[in-house]
Amino acid sequence: MSAPEHLPEIDNGLLRFLTCGSVDDGKSTLIGRLLFDTKTILADTLSAIEKTSARRGTSAVDLSLLTDGLQAEREQGITIDVAYRYFSTGTRKYIIADAPGHEQYTRNMVTAASTANLAIILVDARKGVLTQTRRHSYLASLVGIPHLLVAVNKMDLVDYDQAVFERIKADYLAFAAKLGIGDVRFIPISALNGDMIVDRGERLAWYDGPTLLEILEAAPAAHTERAEDFRFPVQYVCRPQDSANPELHDYRGFMGRVESGEVGVGDAVTVLPSGAASRVKAIEIGGVRRERAIHEQSVTLLLEDEIDISRGDLIVKSAEAPAPVKEIDATLCWLSETPLSPARTYLVRHTTREVKAKVARIAHRVDVNTLAHEEASQLAMNDIARITLKLAQPIVADDYAANRATGAFIVIDESTNNTVGAGMIG
């Protein structure tokens, strides 16, 4: 009898997603339910939250305790810091970011959203679309999250009424049209009871779409939806200088991470901002020679020509080379308690390159609740504004909408070395 044929494992790639919405919409409970129903909670963790739930007098297990890790969060029943959770199914790995809902934690929300490829925006079925719902939708679209899923939660508290769901859907679509949000889906759920999370339940028969987990399983992974230009910021120049090994005597490898696109041996490349050109002689991953490297792989590139390259340079395919610039227009989220001052000089870190910069102009500040544009001469913590930066040396940037890695930057205070701002170019 022949051995059974092994079917190839299905791997839909890693999906980073964000949960956000108004206070008490049930974000933490949703994640807890997702982890509970996919059976990815360890027995000792489940035992601990059962004891905490009993101590707080709740009749059922409070699944929100799985993500509200800070003591202040548990005492107040709110989320303050961003909580990251990891789980996997048979076909995909996930990183969940649970973002706080309060306006005073806008900077936390922006940080969590910056790497997400999908956002779940929770809406309380009893309250409908609120100011915080609109604010988080704006922030999600601002940081370039390509897919939004509006989950109308607490359907159990409105008797699973389809009319309530349809009304909220219509309200949200009217708002989304003003922001230009294109890819948005809607799903009715009850995070408390588990309806339409992993299992369909029996009380939402009128909804014939996929469950929340089915939507997550089918969502496109990052870098898979369109062709991307090759971008390789150099992190380190490797020169072993081992005189005892003739093979390493002239070794000169450029180490870093492929932020987007792919590259192969023999490809024509250009080093920016210098503009020097060469070809890829070899690609190494963990000391093993490869013919190609793709997005999110950490690799070493060897080039055919001796070129002056250092940390902060960007290697691109010659046919895809953008122009270096010394002035950028950007949307900036201010993270520091110390206000931004146009009179000061800051450090801008873009990929692996750091340059000095000054604010040339603050075009306007955005009221994140009304989306109105306001005049501003400085920025306070959690403010979001359109600004122009003048740079001491050139950087090589893409529009954030085209490339989130090379379109983003952070602002550093020279005196404290603290990260004080995060920006999106374009």
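**Exercise 1.** How many bridges join strand 18 (residues 353–366) to strand 20, and in which sense do the two run?

*Solution.* The model is predicted: local features need pLDDT of at least 70, side-chain atom pairs count only at pLDDT 80 or more, and totals for chains, interfaces and linings use all residues. Residues are numbered from 1 along each chain as its sequence is written, and side-chain values use heavy atoms, without hydrogens and water.

1. Strands (E, at least two residues) and helices (H or I, at least four) are DSSP runs numbered from the N terminus; two strands pair if DSSP finds at least two bridges between them.
2. Strands 18 and 20 run antiparallel and are joined by eight bridges; R361 stands opposite T388 in strand 20.
3. Strand 20 (residues 384–395) also pairs with strand 16 (residues 325–334), in the antiparallel sense over eight bridges. There, R386 is the bridge partner of T331.

**Exercise 2.** Determine where the buried residues of helix 6 lie and what they pack against.

*Solution.* 

1. Buried means under 20% relative accessible area, exposed over 50%, and partly exposed in between (1.4 Å probe, protein chains only). In helix 6, the buried residues are V164, F165, I168, Y172, F175 and A176.
2. These residues line one face of the helix, because they fall within an arc of 105° seen down its axis (the arc is that of the directions from the helix axis to the C-beta atoms).
3. The face turned away from the buried side carries the exposed A177 and K178.
4. With contact meaning heavy atoms within 4.5 Å, the buried residues pack against strand 4 (118–124), helix 5 (131–142), strand 5 (147–153) and strand 6 (184–188).
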